[in-house]
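Dear colleague,

Please find below the structure I promised to pass on to you. My notes on what was found in it follow directly after.

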Amino acid sequence: MKKRYRFTIDKHGLRDYDLPSVSYVFNSSSPKDAIRRVDSVLEKAKINGTRLSFYAREFLEAVAISAQTDLYEEEEVNN
C-alpha cells in the first residue's frame, strides 16, 4: 500500500514558481520525516522572512495531514 504522504508529494500539482521553496519536502523518507521537513520549511521561511505562496502553504499542510494520518494508521495496526 502506498503511503498517503508519498502520494501527496508525488501528485503535488505545484507551479514551477513554488517548487524551489518546498523542494526539501520531496526527499522525505517516512511520514515522521515528512512532518519534520514541513516544519523545517515553515520555520526557515519565518526566520528568513521568505513568503510562501498560498499554493506552497496548502501543499505543506496537505503533506503534514497525510503524514499524520499515515502515522495514526501505523499506530492502529501495531495495537
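I begin with Ala64, which touches Ile35 and Val38 when residues up to four places away in sequence are not counted. Please bear in mind throughout that this is a predicted model. Ala64 lies in helix 4 and, at 18% relative accessibility, falls under the 20% limit and therefore counts as buried.

The packing of helix 3 and helix 4

Helix 3 and helix 4 pack with their axes 8 Å apart, at an angle of about 150°. An angle over 145 degrees counts as roughly antiparallel, and the two helices are therefore roughly antiparallel to each other. Their crossing is left-handed. On the side of helix 3, the contact is made by Pro31, Lys32, Ala34, Ile35, Val38, Val41 and Leu42. Helix 4 contributes Arg57, Leu60, Val63, Ala64, Ala67, Gln68, Asp70, Leu71 and Glu74.

Leu71 is found in helix 4, which spans residues 54-78. Leaving aside neighbours within four places in sequence, Leu71 is in contact with Pro31, Lys32 and Ile35. At 26% relative accessibility, Leu71 counts as partly exposed, whereas Ala64, at 18%, counts as buried. Leu71 and Arg36 are 35 residues apart in sequence, and their C-alpha atoms are 13 Å apart in space.

In soluble globular proteins, nonpolar side chains tend to be buried together. In the present model, the largest nonpolar core has 16 residues, of which Val25, Phe59, Leu60 and Val63 touch the most other members. Two or more residues each are given to this core by helix 1 (4-10), helix 3 (31-48) and helix 4. The largest share, six residues, comes from helix 4.

Where is Val25 placed? Val25 is in the loop between helix 2 (19-22) and helix 3. At 0% relative accessibility, Val25 counts as buried. Not counting residues up to four places away in sequence, Val25 touches Ile9, Arg37, Val38, Val41, Phe59, Leu60 and Val63. The C-alpha atoms of Val25 and Ala67, 42 residues apart along the chain, are separated by 12 Å.

Ser28 in the loop

The loop between helix 2 and helix 3 is also the place of Ser28. At 5% relative accessibility, Ser28 counts as buried. With residues up to four places away in sequence left out, Ser28 touches Tyr5, Arg6, Ile9, Asp33, Ala34 and Arg37. Ile9 and Arg37 are likewise among the residues that Val25 touches.

Lys3 and Asp70 are 67 residues apart in sequence, and their C-alpha atoms are 6.6 Å apart in space.

With kind regards

Technical notes. Residues numbered from 1 in each chain as written. Predicted model: local features only at pLDDT ≥ 70, side-chain atom pairs only at ≥ 80, totals over all residues. Heavy atoms only, no water. Helix = DSSP H or I, 4+ residues; strand = E, 2+ residues; numbered from the N terminus. Buried < 20%, exposed > 50% of the residue type's maximum accessible area, 1.4 Å probe, protein only. Contact = heavy atoms within 4.5 Å. Core = buried A, V, L, I, M, F, W, Y, C linked by side-chain atoms within 4.5 Å. Axes fitted to C-alpha atoms, helices over the stretch in contact; angles between N-to-C directions. Parallel < 35°, antiparallel > 145°, perpendicular 65-115°, else oblique. Left-handed = near helix turned anticlockwise from the far one by under 90°.
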